[in-house]
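Please read the following account with the sequence and the model side by side.

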Amino acid sequence: MLYLRRRFYLLMVATILVIAAGAAVPALYTIGRLMFVMLLLAACADTALLWSRRGIVAERLMSDRFSNGDENPVRIHLESTYPFAVSLQVVDEIPFVFQRRDVSFAVRLGKQADAYVRYALTPTKRGVYGFGFIRVFTATSLGLVERRFTCGMPRDVKVYPSYLMLRQYELLAMSSQLTEMGIKRIRRIGHNTDFEQIKNYVQGDDYRVINWRATARRHELMVNVYQEERSQQVYSIIDKGRMMQQSFTTDGAARAAASATAEPQQSMTLLDYAINASLVLSFVAVNKQDRAGLITFSDHFDTFLPASRQGGSMHTMQEMLYAEQTDFRESDFSALLTGITRHVSHRSLLVLFTSFPSMTALRRQLGYLRQIGQRHRLLVVFFEDDELRQKLSTKPRTTEDYYQHVVTEGFLHEQHLVVRTLRQYGIQSLLTSPRHLSVGVINKYLEIKSRL
């Protein structure tokens, strides 16, 4: 498809002005006509150059699936077969859900050269995202016309729970560097470990477990490997009720960036944060020789995945979490109690991801939580909003600001009152911001495990 460029219109306007001035100066009329003929000839030559061959090929390179809440890299490979340099404007038709208007790139290619365009997309919802075509607008050095190439093919990409974060935890765990992610080293009380094997020393191993006899025999450092004596069941319980559809941006910087660029602000729901944290918690539990399982509920007891530490259990859990959606109904904790009583016979650690914005909301469910806590070790995880704390850090200037501060302080006080009430009944709780959820839950899990 042919498009006239801005340079063509500017030259045409200049030509018209010269021809119009010929009414006063006859010589300018002749010059204007000559300019018009030259402009048409140049535009025809430019068009012939662009249509002389199939000059541009573009291909989108990306993963078959995206990780929710993470930056997912996308590359576009551009290749020119023209025997001269060209200027390209590359527009990728990304899924409309991102609401981005900046996925357009200017590229200069030499003769028969290639190049890559790179950008990243951060999805905030699970599901299927549809990519369209790659539109490449090509112009020569004359810059009078441009040709549009339609490259690539429409493609669907599935957005899964945050497997990139899971992979990051896995790599750090292999190199014994989980503390870099904020995971605390919890000292286990007593001697609740059993000897497992002797292995070669690698960087990061505790020098206190060096086996000096084996080292002397092998003439290289050898260390003892221990495993936990007790293996427990760890269930992630995800509330899919309407309260879990509240959205949070990742942090204050994201809010500022969104407002500065005038782009629509994207945010993840509490449900998606809980799903990501459940996946990471299950991975850490399996690596701690515990068995990880999954429970979801809303107005009824829904998904149940028995606790396991087999190799394919994490993949099964990821597939199940990918399909989890809310029906925007009121959460029924009595149905949760009935389902747990029926399906979970052994005493287990239950990590419940839910939302209690006030004491009134807690009182309605406290009886069911107490009954669950009597049979199992229960950890209730709910959320606080960083934006409210940022609002309190600002100095009020107007009467409305003072009212907002009072309401915000009351809301935060209610949340801390929920924590104290749960502790009074022997139920452990964790109040955390969504962006610190995964690290906070893992630290709490390790703390609980150290006391068993």
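The paragraphs below cover a sheet, aromatic rings, charges over rings and cysteines.

The model is predicted, so local features need pLDDT of at least 70 and side-chain atom pairs count only at pLDDT 80 or more, while totals for chains, interfaces and linings use all residues. Residues are numbered from 1 along each chain as its sequence is written, and side-chain values use heavy atoms, with hydrogens and water left out.

An open sheet is formed by 3 strands in the order S2-S4-S7, with antiparallel pairing. Strands here are DSSP runs of E with at least two residues, numbered from the N terminus, and two of them pair if DSSP finds at least two bridges between them. Strand S2 (56–61) and strand S7 (114–121) are the edge strands, each pairing on one side only. On average, neighbouring strands of the sheet are turned by 20° against each other, direction ignored; the axes are lines fitted to C-alpha atoms, and angles run from 0 to 180 degrees between N-to-C directions. Strand S4 (residues 72–80) is joined to S7 by 8 bridges, and the two run antiparallel. Leu78 has Ala115 in S7 as its bridge partner.

A pair of aromatic rings is described by the distance of the centres and the angle of the planes. Rings of Phe, Tyr and Trp (its six-membered ring) pair if their centres lie within 6.5 Å; planes under 30 degrees apart count as stacked, over 60 as edge-to-face and the rest as tilted. This rule gives 12 aromatic pairs. Among them is the edge-to-face pair of Phe8 and Tyr9, at 5.9 Å centre to centre with 85° between the planes. Phe8 is buried at a relative accessible area of 8%, whereas Tyr9 is partly exposed at 46%; buried means under 20% relative accessible area, exposed over 50%, and partly exposed in between (1.4 Å probe, protein chains only). Phe301 and Phe304 form a tilted pair, 6.4 Å centre to centre and 35° between the planes. Phe301 counts as buried at 18% relative accessibility, and Phe304 is partly exposed at 22%. One aromatic cluster consists of Phe297, Phe333, Phe356 and Phe382.

Which residue lies over the face of Trp51? Arg147 does, at 4.8 Å from the ring centre. Arg65 lies over the face of Tyr160, at 5.2 Å from the ring centre. The rule requires NZ of Lys or CZ of Arg within 6 Å of the ring centre and within 35 degrees of the ring normal.

A search of the whole structure finds 0 disulfides, a disulfide being a pair of cysteine sulfur atoms within 2.5 Å. Cys44 is exposed, at 52% relative accessible area, whereas Cys151 is buried at 3%.

Technical notes:
Helices (H or I, at least four residues) and strands (E, at least two) are DSSP runs, numbered from the N terminus.
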